Amino acid sequence: MEKQVIISISREYGSGGHDVAMRIAKELGVPMYDRSLLQEIADQMDMDVNELKQYDEKPRNRLLTRTVGKYTNSMEEILIERQFNWIREKAKSGESFVIVGRCAETVLRECPNLISIFITGDADYKVKRIMADRSLDEEEARSEQVRIDRKRRVYHNRYSDHKWGDSRYYDLVMNGSHLGVEGTAEEIIHYIRARIANM
């Protein structure tokens with residue numbers, strides 16, 4: 001791509017947002033970053049990535065950690081700051097990419113070529129996808145959907161100045177239930193290309 005374009009994808013669990021993000025990245029010929037960026041951060045910190053994963057997108061334990069000013073011994077907080085810095089540096093490099101989650105629409109809000117997207121879905125659609133993907137029964141899938149979205153909401157709202165999924169803070173909010181992964185990706189790609197043409 002001639003111009004740098006960064007696409008941030010936030011999504012409800014089961015909406016197909018991650019699969020949509022992969023299709024967008026493939027169509028645009030750009031890399032996609034999600035939890036995989038933990039490996040690069042682990043390498044920087046000289047740590048095992050599996051050790052970092054236990055702290056990923058989790059609130060700090062207030063009983064076992066301490067924060068004074070800008071300093072903390074909370075691995076959760078340290079990891080979050082490392083991720084945010086990694087995202088900022090990646091944006092400064094001039095590379096175009098798709099990034100999933102990580103409060104990227106907040107972290108990169110000053111980036112002029114950021115396109116922020118939130119993908120939602122109807123409850124039954126999300127549950128059916130989770131049942132198929134995770135081999136869970138309906139009750140388990142509903143419970144998992146609620147649990148993971150609560151975790152994402154808490155994480156996002158802790159580190160952003162707006163509420164997770166609030167349409168006023170995204171360029172595009174789309175319900176993936178109606179068109180499915182492929183159709184949703186196609187419509188978003190159409191929107192992204194229109195935005196690129198106007199940059």
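Two strands count as paired if DSSP finds at least two bridges between them. With that in hand, let's walk through this structure, which is a predicted model.

Follow strand E6 (residues 114-120) to E7 and you will see the two running parallel, joined by 4 bridges. Within this pairing, Ile117 stands opposite Leu172 of E7, and Thr120 stands opposite Asn175, also in E7.

Let's return to E6 and ask about its surroundings. E1 and E6 run parallel and are joined by 6 bridges; here Ile9 has Ile117 of E6 as its bridge partner. How many of the residues of E6 are buried? The count is 7 of 7, so the strand is largely enclosed by the rest of the structure. Both of its faces are covered: one side carries the buried residues Leu114, Ser116, Phe118 and Thr120, while the other carries Ile115, Ile117 and Ile119, which are buried as well.

The axes of helix H2 (residues 37-45) and helix H4 (residues 75-92) come within 10 Å and cross at roughly 110 degrees. Because of that angle, H2 is roughly perpendicular to H4, as the range for this class is 65 to 115 degrees. On the H2 side, the contact involves Leu37, Leu38, Glu40, Ile41, Gln44 and Met45, and on the H4 side Met75, Ile78, Leu79, Arg82, Gln83 and Trp86. Sorted by class, that makes 8 nonpolar, 2 polar and 2 charged residues.

H4 has a further helix to meet. Its axis and that of H7 come within 13 Å and cross at roughly 70 degrees, and therefore H4 and H7 are roughly perpendicular to each other. Glu77, Ile80 and Phe84 of H4 make this contact with Tyr155, Arg158 and Tyr159 of H7. Here the residues divide into 4 nonpolar, no polar and 2 charged.

Finally, two charged residues deserve a look of their own. Glu144 lies in helix H7 (residues 138-159). Is Glu144 buried or exposed? Its relative accessibility is 14%, so it counts as buried, the cut-off being under 20%. The side chain of Glu144 makes a polar contact with that of Arg134, at 3.1 Å. Apart from neighbours within four places in sequence, Glu144 is in contact with Tyr13, Arg134 and Leu136.

The other residue is Lys126, found in helix H6 (residues 123-134). Lys126 also counts as buried, because its relative accessibility is 6%. Which residues does Lys126 touch, not counting those up to four places away in sequence? They are Glu12, Tyr13, Gly14, Ser15, Gly121, Gln145 and Asp149.

Definitions and conventions: Residues numbered from 1 in each chain as written. Predicted model: local features only at pLDDT ≥ 70, side-chain atom pairs only at ≥ 80, totals over all residues. Heavy atoms only, no water. Axes fitted to C-alpha atoms, helices over the stretch in contact; angles between N-to-C directions. Parallel < 35°, antiparallel > 145°, perpendicular 65-115°, else oblique. Contact = heavy atoms within 4.5 Å. Buried < 20%, exposed > 50% of the residue type's maximum accessible area, 1.4 Å probe, protein only. Polar contact = N/O pair within 3.5 Å; in protein donor to acceptor, adjacent residues only side chain to side chain.
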